[in-house]
Amino acid sequence: MIKLGDNFPNFQAETSTGKISFHEWLGDSWGILFSHPHDFTPVCTTELARVAKLIPEFQRLGVKVIALSCNSVKSHKEWIEDIKAYGGIKSPEFPYPIIDDESRRLVTMLGMMDLQELDSAGIPVSARGVFIIDSKKKMRLSILYPATTGRNFEEIIRVIESMQMTDKHKIATPVDWKKGDPVMVQPTVTDEEAKSLFSTEINTINLPSGKNYVRVVDQPTDS
Ligand code: BEZ
């Protein structure tokens, strides 16, 4: 199992846009790899169409997107036409590749199976896995959804925005944070250090313990 902070493994794969070596394909970008149970399934079709429409958002964040489904490139290419029709996507090129993992080599290696959900042949399908990899190829986030629950990709974008900002500043983002909302000073930062780090007011919330650990500041302007 790959843990947060591990180097994300490199692999070679056939995709709907040709053969790739994953690390080379990522280059210096962040990346999101998300897996699907099968081509020509309803929930997956809605997800791939949504991600296609969100590509400008991922580009703004410097994130390359790649999907994986346990079917062949030939099948992916046919399915892409359905995804485009479903999503009203007019461009002739589909905006991101889909990995061929018909052999299930990658979903097995990456621990992306949903053992509860069997296909018509009785074989477990791959889960809806999401891996976010940073520009140093470290795994920064991993979520496994069951096959029967579609993901919320706006949440994925929200998390990337938080991670990229908290990489730059000694802050953390609170519950339900959205870009532009106030943020928290990290617990390891002393009050003295916080005063030098943040130019705007630090609002310390009084709590029964008397411990001043909930310190709210404006989101830094360069994030
Ligand atoms: C779907 O993508 O619709 C799906 C795939 C596997 C199990 C259930 C739903």
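This is a predicted model: local features need pLDDT of at least 70, side-chain atom pairs count only at pLDDT 80 or more; totals for chains, interfaces and linings use all residues.
1. The axes of helix 2 and helix 3 (residues 73–87) come within 9 Å and cross at roughly 70 degrees. Angles of 65 to 115 degrees count as roughly perpendicular, so helix 2 and helix 3 are roughly perpendicular to each other.

2. Now for the residues in that contact. Helix 2 contributes Cys44, Thr45, Thr46, Leu48, Ala49 and Lys53, while helix 3 contributes Trp79, Ile83, Tyr86 and Gly87. Sorted by class, the contact of helix 2 with helix 3 has six nonpolar, three polar and one charged residues.

3. Helix 2 (residues 42–60) also packs with helix 5 (residues 153–168): their axes come within 10 Å and cross at roughly 20 degrees. Helix 2 and helix 5 are therefore roughly parallel to each other, and their crossing is right-handed.

4. On the helix 2 side, Glu47, Arg50, Val51, Leu54, Glu57, Phe58 and Arg60 meet Phe153, Glu154, Ile157, Ile160 and Glu161 of helix 5. This contact of helix 2 with helix 5 has six nonpolar, no polar and six charged residues.

5. Around the ligand are Pro37, Thr41, Pro42, Val43, Cys44, Glu117, Arg128, Ala147 and Thr148.

6. Finally, some distances to oxygen atoms of the ligand. A polar side-chain atom of Thr41 lies 3.0 Å from a ligand oxygen. For Pro42, a backbone N or O atom lies 3.2 Å from a ligand oxygen, and for Cys44 a polar backbone atom is 3.1 Å from one.

Note on methods: Residues are numbered from 1 along each chain as its sequence is written. Side-chain values use heavy atoms; hydrogens and water are left out. Axes are lines fitted to C-alpha atoms, for helices over the stretch in contact, and angles run from 0 to 180 degrees between N-to-C directions. Helices (H or I, at least four residues) and strands (E, at least two) are DSSP runs, numbered from the N terminus. Angles under 35 degrees count as roughly parallel, over 145 as roughly antiparallel, 65 to 115 as roughly perpendicular and the rest as oblique. A crossing is left-handed if the near helix is turned anticlockwise from the far one by less than a right angle, and right-handed if clockwise. Contact means heavy atoms within 4.5 Å. Ala, Val, Leu, Ile, Met, Phe, Trp, Tyr, Cys and Pro count as nonpolar, Asp, Glu, Lys and Arg as charged, and the others, Gly among them, as polar. A residue is near a molecule or strand if one of its heavy atoms lies within 4 Å of it. A polar contact is a pair of N or O atoms within 3.5 Å; within protein, one must be able to donate a hydrogen and the other to accept it, and residues adjacent in sequence count only if both atoms are side-chain atoms.
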